[in-house]
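Reader: I would like a close look at the aromatic rings here. Please take me through a few pairs slowly.

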Amino acid sequence: MQQEVSCQKKITKNDNEVTIPNVLEKKSSQHDKFWCVPLPKGKNYKRFLDFQNDVSVSDVEIALKEGYRSIEHVKRYTTLGMATDQGKTSNLNGLQLVSDIENKVVPNVGHTTFRPPYTPVSIGAIVGREIGKHSKPTRKSPMHAWHEKNNAVFVDAGVWLRPRYYKQGNENLFEGSKREAKNVRSNVGVCDVTTLGKIDIKGPDAAELLNRVYTNAWLKLPVGKARYGVMLREDGIVMDDGTTTRISENHYHMTTTTAQAANVLSHLEYYLQLVWPELNVNVVSTTEQWAGAAIAGPKSRDLLQKLFPNSDVSNEGLPFMGYMEGDLFGVKARIFRISFSGELAYEVNVESDNGIFMWEKIMEIGEELKIQPYGTEALSTLRIEMGHVAGSELDGRTIPYDNALEGLASKKKDFIGKRSLQRAAFIAEDRHRLVGVVPLDKKTSIPEGSHLVKDDKAALPNPKLGHISASCWSVEYDNPFSLAILKDGKNMIGQKLFAMSPLKNKVIPVEIVSSHYVDPKGERVRS
Amino acid sequence: MSQKFRIENVGLINRDKKLSFKFNGKTYYGYEGDTLASALIANGVHLVGRSFKYHRPRGFFGAGVDEPYAIVQLYRNGETEPNIKATEQELFEGLEAKSVNCWPSVNFDIGAINNFLKIFLPAGFYYKTFMWPKSFWYWIYEPFIRKAAGLGVASIKHDKERYEHKYEYCDLLIAGSGPSGLASAYAAANNGAKIILAEDKPRFGGSLLTSDVNIGNQSGKDWADGIIAELKTMPNVVVKNRSQIFGYYDHNMLVMSENVSDHLPKTKKYHPNKRLWYIRAKQVLISSGSIERPIVFGNNDTPGVMLSSAAKEYLKVYGVLVGRNPLVFTNNDSGYETAIEFKKHGVDPIVLDSRKNPESEIISEAKNLGISIKNSYVVVAAQGYKKVKSADIASISDDKKQLGKMENVKCDCICVSGFWTPTIHLASQSGNKTKFKEEIDAFVPGQSKQSEITLGAANGVFSLEETLKTSFAAGSELSKKNN
Amino acid sequence: MQKYSIFNLVKNAFSGHQNWDLAWKDPTPKKEYDVVIIGGGGHGLATAYYLAKEHNITNVAIIEKGWIGGGNVGRNTTIIRSNYMHDDNGLFSEFGMDLWRKMSQDLNYNVMFSPRGIINLAHSDAQMNVYARRGNSMRLNGIDAELLNREQVKEIIPMADFSDNVRFPIFGGLMQPSAGTARHDAVAWGYARQADSMGVDIIQNCEVTGFDINNGKINGVRTSRGDIKVKKIGLCVAGSTNILAEKLNMTLPIETHLLQACVSEPVKPVLDRVVTFGAGHFYISQSDKGEMVMGGDLDGYNSYAQRGNLPTLQHVLTEGIAMMPFLSKLKMLRTWGGIMDMSMDGSPIIDKTHIDGLYLNCGWCYGGFKATPASGWTFAHTIAQDRVHKLNAGYSLNRFNTGHLLDEKGLGTKTWIS
Amino acid sequence: MLYIKCPHCGMRPQTEFSYGGDATVKRPELNKEISDHEWDDFVYNRKSLRGKHLELWQHISGCRQWIKVERDTATHEIFKTFKADEEVA
């Protein structure tokens, strides 16, 4: 290759001559261009070309007679040269035979391409050390050891391990997560949210960047405030969502979902370096630098006040979507009043080294408020019954409208992917949309991945109107509740349909309701 | 059990260290430095397997990586591994191996019935039949065919061995430690170039281990040993045996598989079984040599038919006779070299040469030794089922179309040489469009696509003198300052 | 045409197999055809066959630059399935499954269709839910699917990693029992042989050099073996679509990428299903010859090289061992690379174009082999009737403009991410 | 394995980079009225030709800079690499 380094042959500074020794060898005479002994009359010996695959001269003759004339056809039809020795002793004789019969010179017959490996190579050697538990990295939060000690049952979230629930006694997942979710709704809970992607955004044009990246408006976000945003790919599909906080004049703290953290960073870098180099902004990942704890529940403010006795965390001092810095017993902390659970909630970040200190303080001080840690399963329950979208709704196929986020898509300004939202299918009136689903009997849980149909007895293919994206047991109402993405969902509220899961032999009559099942006005987060 | 085909005082094996091993349940002995193949031949075992389709008996055809036949199931340290070439597997104490693709045994294999049905099983027969009734393909025919196919048995146990990767950069990567590899490495090393020299076999030297040549008043082997010993002392040189460069990828990235442990009864503590080297080389010298070609004749798959170079290697490297009554069938001088080695060790070969009246120093030497030579003669067919017992031979017309009267001669092996095929795989993998070289009836590398040069036999040059000259020159040219 | 059967095989055996007919002829191109199919791969050959069989159009030529079956039909991992979530993909593929089931008899050529079942492994409850969504969609579309739990998976493929030393434990899987594999070369040859017997000219070593277009209408095609007059041209050149599109001044929502696959040395039967890994991208089956056939990710950058690099294979095999640790002791025997049309939503295009008489069949990504019969059938219909069939209505070229995308994986336009 | 010269860091193996597609595609300016066709050309349509191809890579496990690479898609030969803001002649 003509690449600079590889054609640079200035290998050494030396120029030593080596004396070539005398050689005594016996000279050879010219070999005979002869490679195959003819068959004597009346004899029918098998004459083999490929010894392992038993390919003989007559096999190649048959292949050619039947019109398999390209050397590749011959090889594939007869399996010549395809054994474990890859034809090291047979290829050339095979070519000679084809060239003889076809009356072509060997180079015109051509040989099949040589590809690595020259000789079979152990798959174990190719793979090396990345096996078993090490086949992919495992990422753990700074509080991991605490979770382990406290009977956390872990779940893989990408390469992260997250507590799914903290098992008490003989609890199963359903019982444990219900207990944890209930405790958030009635007291206070704490959840390790370290895995969320975090990106530090700095520079005079940071607001402008956010304004272009997110679908909603960002130019007027005051310092000390956070805002929820949705970002699209250029094809109009939702890429990610999260909150971003204005830490100071030219400094923002962006959060992404755990799964999309790396992609969002590259996405921002792409636009900053290639598309809008005129924007004076720097971005850097800070995911590993901050340990995060979400504190949620009606008693979360009481807890926060105890954690930060010197800060004013009242509803006025730290309103919904507010941000402040605090002193957690000598440790600098960032406090965000944001909520994924739909409850009054806060997120506290400290530098990773202090994560375990923060966590233990929260547990210690929260004890009198009946704090319990909660895992991803309870977190799911809380977000589902509030109608907050997550990965199972933002599945790479939906646009803001589908997820009931159209209010976030600014009509006034341009943003990444906006032009795509004009496509015919994207503005169709009966476009799929996020709705809530409740079983008519208020008892039967609807399996995730079920589909909604009008007629459960229709002939196949039975037209599907939508699918169940997420299900939970509503701790608020003590009955099953699901989210679905449903065709013409806007006009389907109140309709009765069937949720079908043929894989599980389930047909469940359901009613379509609003996706905001609990606290539809969002009063709790602002209380 | 005695190693009745082992001859005294010949070869590079360590006769002080006797090793016991088992093949198909029977215990045999060999020496340190043997391959499984050489040890079996020393014990007179030639039937090692059955072929894929017709289950015909299979013996040894080569002595190395080109081996198509001698595939065995290996048992080592409580684990088993399928599809091991007996010609590559070094012997260790307690080695166990079994024949594959035969039932109930390699001696009596039920599958061999296919050999009698072979007229019904021509190329592509399966495309033409097994279609009725419709559901029978999946339920009846295919399971039967699947069972019959495959070679060894894969254990579904988790592999306990450990494998490592290593990343290296070098000025010159040299593939093969034959004369061209050694000469170019030596010349370049003297200029201080950073060199990796890789040899897939346990011993360095390539063809010098078996050829009867003299370099700088030493035997070829002694010269090779001297060069290797000197290279090993140089800080800028890495020499690796048991290391196969198997892939030439983009931008001069080559990958080498180093066998660290397979030649030992068990992998040493903290050692890997194999080590994969990713090597980014500024320049690659391909000195991978050549592989002898067979000549095609009737029943040329019978155990006992093998490459003449393999027979020579078994004799000179392992001190093993592949037969006591050899027939050498050749179309070039290489067959004579094998015949001469036989003769020197007290065995009387017959040489059949397809050529009418070839003349050369080698042929003269053979004649002087009193070797019986038949010109314009060919082997028409091997006779014998599990081992060559005799050969049908005949004279052949000058146009190679007409055979003379058939005669039967007794022999216990047929050593074949149909000239040499350069090993051009690495060059071809690098993107090199190969060209056909009429004089040698084979493809050689053409225009280099990456920073690679092919030298010696791999480039179709079979004269040692020329090989050394160009290789020394290439080594110093590529490593000196004004390039 | 000679019928292939056991009787004929025996009969021919006694005459030393000297009397077999040519599987296909080697004609010189005529001056004019009703339809020219460009590309002698699986899809092109199947299209010609169904043009003749279903629409009685036999004045047809297949033009192939190299040798027939030399593209992706000759270099794939032979998996056949219809386990799709989107209706357009599912119904199209299931129609194809029916054609596969009767293909050997239909073509009188044993293509060794082997419905051994495919299992997609799941490694989390979330993934089980994603599979449930897909499996339920399949069932409601009349396609067989079963959701397996961990124990059921273990029963079927005990060699998968059920140990404690595993990074992503197996939670279960989605199985399509009727999915399977076939002998890829035989598919190309079987279609070629039948198409030839019905009068289609199979013209190999013939390269398209240009098109003759007049007033937005196809008039003919220029080739290295002369100009051919023709009113309808079907383009079936996966991997080279962009090269021909350039000659037509078209820019398509397709990038050309390289996918590698490899086989191990043959071993006795150990794995009788097709299995895919859920915590990455790896798939495996064991061929009738005993080789483990394995594949996974694209090399990840535009390429026409048909030669890949080792890091991708290393990555793919790493996932292989993560799924089935026993693979470690096997040896990689052969690797190869195929170039493919990666469309911008991962689904194909079978449609008319803005040029009258020019029909497009492209964008198959890694899924081309299994689609061979259905693609040929619907493309033949589209060409013959000059309108799309309802089975390929979703595979329109303008769906990228209208937003009716068919993105099974939800990955969007970054085609190199697989 | 490709060997890519990062204009900021020097020669680095391909495994340190991630691919970013055709570098000749220009994003339409914000707030500009453009036709569907122009937008489709930006989002979906690619020439993807055989031969010289100017493409984007990001040195993701290095300096994280996006760079432009001129590479042959048939041979994988790399002719030249450019910084993100460098004009390509």
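**Aromatic rings, pair by pair**

Author: D:W66 is buried, at a relative accessible area of 4%. Buried means under 20%, exposed over 50% and partly exposed in between, with a 1.4 Å probe and protein chains only. This is a predicted model, where local features need pLDDT of at least 70, side-chain atom pairs count only at pLDDT 80 or more, and totals for chains, interfaces and linings use all residues. Residues are numbered from 1 along each chain as its sequence is written, chains are lettered from A and ligands numbered from 1 in the order in which they are written, and side-chain values use heavy atoms, leaving out hydrogens and water.

Over all chains, the structure holds 53 aromatic pairs. Rings of Phe, Tyr and Trp (its six-membered ring) pair if their centres lie within 6.5 Å; planes under 30 degrees apart are stacked, over 60 edge-to-face, the rest tilted. D:W66 pairs with A:Y270. Their ring centres are 5.3 Å apart and their planes are at 75°, so this pair is edge-to-face.

Now a pair in chain B. The ring centres of B:F130 and B:Y141 are 4.8 Å apart, with planes at 45°, so the pair is tilted. Both B:F130 and B:Y141 are buried.

Charges meet rings too. The charged end of B:K18 sits over the ring of B:Y29, 5.0 Å from its centre. In chain A, the charged end of A:R433 sits over the ring of A:Y401, 5.7 Å from its centre. To count, NZ of Lys or CZ of Arg must be within 6 Å of the ring centre and within 35 degrees of the ring normal.
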